[in-house]
Every structure is written in structure tokens, then in C-alpha cells.
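I opened my notebook to look up how this chain is put together. My entries follow in the order I made them.

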Amino acid sequence: MVDATISFAIEKLSDFLTQEVNIRLGVRDGVRWLKDELGYLQSAVRQAELNQELNPLIRQWINNVKDVANDAVIILERFSTLQEEEDAAPRKSILGCLRSSICMCRKEAKLYDIGKEIESLRGRVVEIKNRRDEYGITNILANPIVQQRKRTVLRATSFENQVDVVGFEDDFKTLFAELVGEDPSLKVISIHGMGGLGKTTLASKLYDSGKLNHFNCRAWVCVSQEYNIKDVLRTIIKSIMDHEPTNNLDNMNEVDLLQHLRKLLLGRDRYLAVIDDIWDIEAWEKIKKAFPDNKNGSRVIITTRNKIIAQRVDDRCFVHALRFLREDESWDLFCKRAKPLKNLEQLGKEMVGKCGGLPLAIMVLSGLLLHKNSYEEWVKVKNDIWRQLKGESAEIQDILNLSYYDLSFQIRQCFLYLARFPEDHAFKVNNLKLLWIAEEFISEADEEDGVSMEDVAENYLIELINRNMIWIEKWYWGEKVHTCRMHDLVRDLAIQKSKEEKLLGIFDSSKLHTSPIRLLQEQPRHVIYNDYDLNISKC
């Protein structure tokens, strides 16, 4: 958060001024002036952060203040390093005295540089103050209507998005018939369609169906765009073995894992495997040899966005294309979440119509309107959608943007932090809530009326779930959420916004980056995927 960045800079500037070090008077005065000005700007930044979605220029102004605060800390850290070198230098011998003199000369040169850099920061602060009027920040702070967008603790007690997805009845019946068909040969069933149509949801409904009890052995793995074949194979093996020990898997290479999986399936009863979200045919070609044809009616379900991949996975593959929802189905899905009053139905139908029958867009829109009950609030959302239209339908990214900017600033920071997780990664919510607190996205200042930071984190999590920004993956005994997952289109939004807001930078060693240093430059947190081992550092 920018507020925390400025507070840290002010603290460092104060520490510098209290140190008993011999520095130029002009430098000391410049540091003191900078500390005072950042203090004055801090209150304006706090209010501007609550209103930054109103105008991109406001976000730019906030980032300018943040950059000055970060640069001030960097300048002082360079001086502190030099001071430590000078203090460590021996002075008793002639050589020590010579080294000490050299250090003093270097220090004088460095102090001159610091003076110039502080002077440069002063100029930037003056420019920022001028732009506050130019961008209308002053007017926003003076406007009691806009200013009154306070954060409120949600006190949510239940999840409001646990509803059945509509429109899959015919698809379910068709695919179910393929799964229970009398053909004993191994059959591959592929489901294809664009992102957000519900391929994974449909596959999950089939996989969890109580009518498929004759599949005694089951496995589910999500491949995604960024995959590692060894990790894919390990996941399938662990899914099949359930609670059986799997200690030796980490030491196996790809060939060993393929042979081990095939041997496991040969010794099991009829199996059902779901290979979710395949992006290239090569991934399937590498693992298909592990699925033996036991002539017992085993089945493999594949989901992909690519029709060509769906058709090429097997010569006898059953290919199923998912369609967009009809108008009546779209409205039914929307009403399962938003539950509009009679006077809001026409507005709702107009907005749902612009979703183009895409279930993800409808779900996110309903989550956005879930807690908005007035006609004026719905009109505002409709106007925002209409402003983004590039044709007859709204782009899913535009609807996601609207939902993102409708979040409070604190929840927005927590959402952006989710960009740290790899694609299709299921994250444990208890660990996530502790990370939010450790990163100071939630602080003691957020505690209200006996509500602890852990309770605030829980409320933020529930809000993101209810808005369909994240989805529940697993429950603890059907009562508490254990793990959650993000749709890859929602994750793309989190990655994009986290870079824009300078919250974290992501480096993936499996991808070719022309300038890795520039990729992470000026980002306070660095996320590094190294062969899918996740590392995160905070600068």
C-alpha cells in the first residue's frame, strides 16, 4: 500500500536526521524538508487511494508520490552503507589512516551526490503538489460525497455463490451417456470452448456425479498453459493412490513416472481421469501412453480451448463443443446470484444481454451487483458497461475490470496479491490470510468493534468468493473453506493490475524474457517460478 510506503520513507528520513553524523547543512535541510512534505502528502494520498478508480490520472498521481518515497529510501540506504564502511575502517596504523582519509573523501563525494539527488526529489515533490490541483485531487478531497467511501467490515457469515450452474443439462446427458456406454475399450472424451464457457465446471459435475460409482479409480489434474510433465504425472499418481505413501515420486524422472502410472492403472479397476485445460497437443502426447486400455470401460475426459487439440487427442475421440448460454439460461444464472427486485429486472436483462451468453461474465456481473440494491447503483453499473462496449457484447475483461474497481482499496490489494500463485494453482486459504496480514494489507488499524485481523481477512476472503473473483476448490468437512482457485482470465487481470500498481513483479524461468531485470525493476515484491517451485521475495 502507498500509505505504508510513505510511512516507511518518513521513518527512514527521521532516523537519518537523528543520527549524529557530520553531513552538509544543505543536505540535512533538504532531508528535513522532504520528510515534512511527504507527511503533508500522506493524508491526501490516503483519500486519493479510496477514489483512484474515478480517474486514471489519480492513480498516476499516487504512483508519483510512491516513487518519490521509494527513491528517498534508496538514497539514504546508499549513504548508510558508506557510513558503515567508514566506521569499520581501522585507523591506528598509517595504512589505516590512509584508508580512513580515502573513505572520508568518498563520503564527501557521496554527500555531494546525495545533496543533488535530494534537490531533484524536491523538484519532483513541487511538481506533484502542482499536479494535485491540475488533476482535480483537491476537489475530490473537498467533496464530502466522494470522500465518504469508507471501508466497512462485511461481517459476512455465509458464502452466497454456492449455486448450480445452469445450461449444462443437455451437455451433461450427452457426455454422461458416453461415460457409461457399453463399449469396453478406453474412450477419450474432449470438451472444447472459449475461456469462461464452463468447461471445467461441466467436467467437475461429471467427475463428482454420484451416478458414476462404477469408476472405482479416479484422477484429476489441471495442465494449464504453463505446465511441467513430471508435476502433471505426479499429481495423477497421488490422486490415484489417495492416502497411500508416495515418497519416491520426487526422485523419479519422466520415463519412470510414466511407467509407474501405467503400472498403477493396469492393476486397478475401471478408471476415470480428467485432464483439465490442455493448451497444446504435445502435453497430451507425452502422457497418453500412461493410460492403458484395460478393456473394462475406462474413460479419460480432456478440456481445452482449442478445437484442433480436441479433435487430435485420439482417432476415436468423442468431441463435444460447449455452446454459449441462451437468453433465458443467462437470466436464470444471473438470478441465482443477484436476485433482482421487480423494478431492477429490465436493467438486469439489458446488462446480462451484453454478456453474450458467457457464464463467467454473467457470474462476475451478478457478484458485482450482489450487494447493490438501489436503482441508482444498477444504473451506474450499466452506464459503466455501456462506456466499455466495443460492439454488441461486453468483453469479459471489461466486466472483470468493473468488478475489480468496485472492491474497497484494502480488498483490492489482497486480490492483487493472488497474482503470486501459478496458473490453476489451488491455494490454502488459511495460509493466504496469514500472508495478507504479514504483508500488512490488513493491519491493527483495520480492527473494529472487537473484530480481529484474522476476522477481517476472513471477511475479505468471503467477499472475493461471493464476487466470483476466486472459487472454492475444497472444503473442510463441508463447513470451512480449505483451498481456493482463480480462473485464468481473472488471474490475468490480477497480474496486469499488480504490475500497474507496482505491487509485485513476476519472473517465470520457463519463458523467454528479453530483460528480466527490467521486468522486476521498481516492484517491491518479486515472484519467481523456477521449474514451478515458487519463490517470493520482498524488497
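I began with a term: a nonpolar core is a set of buried Ala, Val, Leu, Ile, Met, Phe, Trp, Tyr and Cys residues joined through side-chain atoms within 4.5 Å. Buried means under 20% relative accessible area, exposed over 50%, and partly exposed in between (1.4 Å probe, protein chains only).

Residues are numbered from 1 along each chain as its sequence is written, and side-chain values use heavy atoms, with hydrogens and water left out.

**Entry: cores.** I looked up the largest nonpolar core and found 86 residues. Phe 334, Leu 365 and Trp 436 are among those with the most contacts inside it. Helix 15 (residues 359-369) gives the largest share of this core, eight residues. Helices (H or I, at least four residues) and strands (E, at least two) are DSSP runs, numbered from the N terminus. Another core lies apart, with 35 residues, including Met 241 and Val 300.

**Entry: Phe 415.** What does Phe 415 touch, leaving aside its neighbours within four places in sequence? I found contacts (heavy atoms within 4.5 Å) with Tyr 404, Leu 407, Leu 464, Met 469, Met 486, Val 490, Leu 493 and Ala 494.

Entry: Five strands form an open sheet in the order 2-3-4-1-5, with parallel pairing. Two strands pair if DSSP finds at least two bridges between them. Strand 1 (residues 187-192) pairs with strand 5 over four bridges. There I found His 192 opposite Ala 321.

**Entry: helices on the sheet.** Helix 8 (residues 199-207) lies across strands including strand 2, and runs at about 165° to strand 2. Helix 9 (residues 229-241) lies across strand 2 and strand 3, at about 150° to strand 2. Axes are lines fitted to C-alpha atoms, for helices over the stretch in contact, and angles run from 0 to 180 degrees between N-to-C directions.

**Entry: confidence.** pLDDT is the predictor's confidence in each residue, from 0 to 100. The chain's mean is 78, and 75% of its residues reach 70 or more. Residues 144-163 fall below 50. Residues 532-539 stay under 50 as well. Where pLDDT is low, the predicted coordinates should not be read in detail.

Methods. Predicted model: local features only at pLDDT ≥ 70, side-chain atom pairs only at ≥ 80, totals over all residues.
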